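Here is a short briefing on selected local features of one protein model. Keep the 3D view open while reading.

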Amino acid sequence: MDDIEMEENSDSKFREIIILSIAPILVAGFILISWGLAHWRIGPEFVNALPAIFAIILGGFQRFVSGFKDIYKRKITVNVFVVVALIATMAIGEFRPAAIIVFIMAVSGALETYTLEKTKKSIRSLLDFTPKTVIVRRNGEEIVIPVTELQLGDQVVVRPGERIPVDGVVVKGESSVNQAPITGESMPVEKFKGSSVFGGTLNETGLLEVKTEKIGEDTTLAKIVHLVQNAQETRAPIQSMADRFTTWFLPTVILFSISAYFITGDIKAAVSVLLVACPCAFAIATPTAVTAGVSNMARKAVLIKGGMFLELGSKIEHLLVDKTGTFTFGRPKVEVAVAFNGVERDKVIKLACIAEKYSEHPLGRAILAIGKEQNISIPEPESFSGTTGMGVEALYHGSKIRIGKPSYIQASGTKLDKEIAKVIREQSEKGRTTVLVAENSSIIGLIAIADEIRPEIANVIHQIKKMGCKEITMLTGDHTKVAAAVAEAIGVDNVQAELLPEQKQEFVKKCQADGQIVAMIGDGINDAPALALADVGIAMGAAGTDVAIETADVTLMNDDINGVAEFMWMSAKVLRRIKLNIFFSIIYNVIGLSLSVVGLMTPIIAIIFQEAGCITVVFSSTLLLWVKRK
């Protein structure tokens, strides 16, 4: 991304924040004007009240609309409570307290809108994962055209390091293609003439010419976009704890208000009941605890997009986890090197590193990494050549070194004995990719390579289960043997392998249909539909694609999966604090309501009592900023 594009994105985000901040800023401004007029006794009382009334109309309009809609639907929610309390507060002329409640709601609403709009934009930008321009071979010439002008049957030229723009078939060239974002396969896939390729995948090593078979809305990537959009539209709404509590609390308050009127015969006493029960402390009981919990998690590089997800974290029953990039690092690593025919293991690694010194293949880089890790000196080969997708050959001190697939080594006339064939079979059963190392006409060793498992995984799984998660299932597009080997190493309950993005999403639906609260952890585009549909979607931040991060509800910015355990623990902590805050607000309300019903609570005392409840709740929530998990 160039400097101009980065500047435009920055300006766009700044404009969004400014636009969403206008209503809360104007509401705060009108409140200050009203307070100033009253404080310095400028003008009559109705003039002092006008700015506060403007603030209520400006900031509370949407809240009033939502509240009346909920009333029409016969639903009792926090919006209904706020509307009733605001009307009662204004009825006795307390416009500034009503405006302050509106200001709190306006700020939280702006933050919610900003988060939602960011998610929608990220889904729209999914298709930007493919290049905007492509090189097409037409009439024997290479021309650059916009990707929107591609036609079925066009022959697209894809150079090393470029993303493949279409779904199609290779008609010329050989290369290794990283398909992990789309299919979840941990190892690069070798592509030859006749191989199918997907738009959005990365061409790593060789030049490919691809005949276009699917474009635009018909590509695999576009279908994933639609799966994400549909998942977010059909996702079941989550009822917050505050709404559940309000269902019975508001009718109780109204009964108290009516009782106060019949006992005292004073309408002000009835309004005081509603005012003292005004959901200021109650309304902030949840958001203040959630904000403190979210802030605490942010310091630990766990970003949470909304309070509803923090409320759900401790209730997760079934955790679904993608393999590549989540349980593993998504990069090949040498697992074992085996020497044959009396050759030393270090010599096998050294000769393999010499042969791979100029290779750009991911497996070659993994072999060079183990050589560097073991401080093996790697001199220059005298010559080097490679066959894409098969292996490489180098000359060193008069010896011909060959390293690659068993078929590549055998093609030179070298035979595999039973011992070598047995070791190859054993490593393949463990889900590892094997390459043979030959010196001249003799096979001297074997190197087994697999996706590197994150070392902390087994411990984290144990912690998550201790927190109440009943089942952990690995979902992956990788091969069954590879998935089974990883699952056995880390101790998950179930494995579902070789899944397409829509099959991962179907598995989420199945679990939800069984009444389970489901969380999904992933990092690739292929995980986005399942992340969007799950009750809680969790993305790996540093390793994950932008789409996965934006679609998810929780992001682990440092790729430490221990953050999932932290998130679930903080969720339980926040839920307990919300209940404690509601308890505090109830205590204040019970005392206030008791005094109001018998006519001993004036509107002024009711407001003071209400603010005391708010202060207590804020202090209680603030303590969450510093809690730590042992």
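I267 sits in helix 8, which spans residues 267-276. The model is predicted. I267 counts as exposed because its relative accessibility is 54%, and the cut-off for that class is over 50%.

**Nonpolar surface patch**
- I267 belongs to a nonpolar patch on the surface.
- Helix 7, residues 241-264, gives the largest share of the patch, with five residues.

**Positive phi outside glycine**
- N341 is not a glycine, yet its phi is positive, at about 55 degrees.
- N341 lies in a loop, with strand 12 (328-339) on one side and helix 12 (345-356) on the other.
- N341 is exposed because its relative accessibility is 54%, where over 50% is required.
- E498 is another residue other than glycine with a positive phi, near 55 degrees.
- The loop holding E498 runs between strand 19 (494-496) and helix 18 (501-513).
- E498 has 46% relative accessibility, so it counts as partly exposed; that class lies between the 20% and 50% limits.

**Helix 16 and its buried side**
- Which residues of helix 16 are buried?
- In helix 16, residues 457-466, the buried residues are I457, V460, I461, Q463 and I464.
- These residues cover an arc of only 160 degrees around the axis, so they lie on the same side of helix 16.
- An α-helix has 3.6 residues a turn, so residues three or four places apart point the same way.
- G468 follows helix 16 and has a positive phi, near 115 degrees.

- Strand 1 covers residues 133-138 and strand 3 covers residues 155-158.
- Three bridges link strand 1 and strand 3 in the antiparallel sense.
- I135 stands opposite V157, a residue of strand 3.

Technical notes: Residues numbered from 1 in each chain as written. Predicted model: local features only at pLDDT ≥ 70, side-chain atom pairs only at ≥ 80, totals over all residues. Heavy atoms only, no water. Patch = residues over 30% accessible without salt bridge, like charges linked within 9 Å, V, L, I, M, F, W, Y side chains within 5 Å. Areas by Shrake-Rupley, 256 points an atom, 1.4 Å probe, with all protein chains shown as cover. Salt bridge = Lys/Arg side-chain N within 4 Å of Asp/Glu carboxyl O. Helix = DSSP H or I, 4+ residues; strand = E, 2+ residues; numbered from the N terminus. Buried < 20%, exposed > 50% of the residue type's maximum accessible area, 1.4 Å probe, protein only. Arc of directions from axis to C-beta. Pairing = 2+ DSSP bridges.
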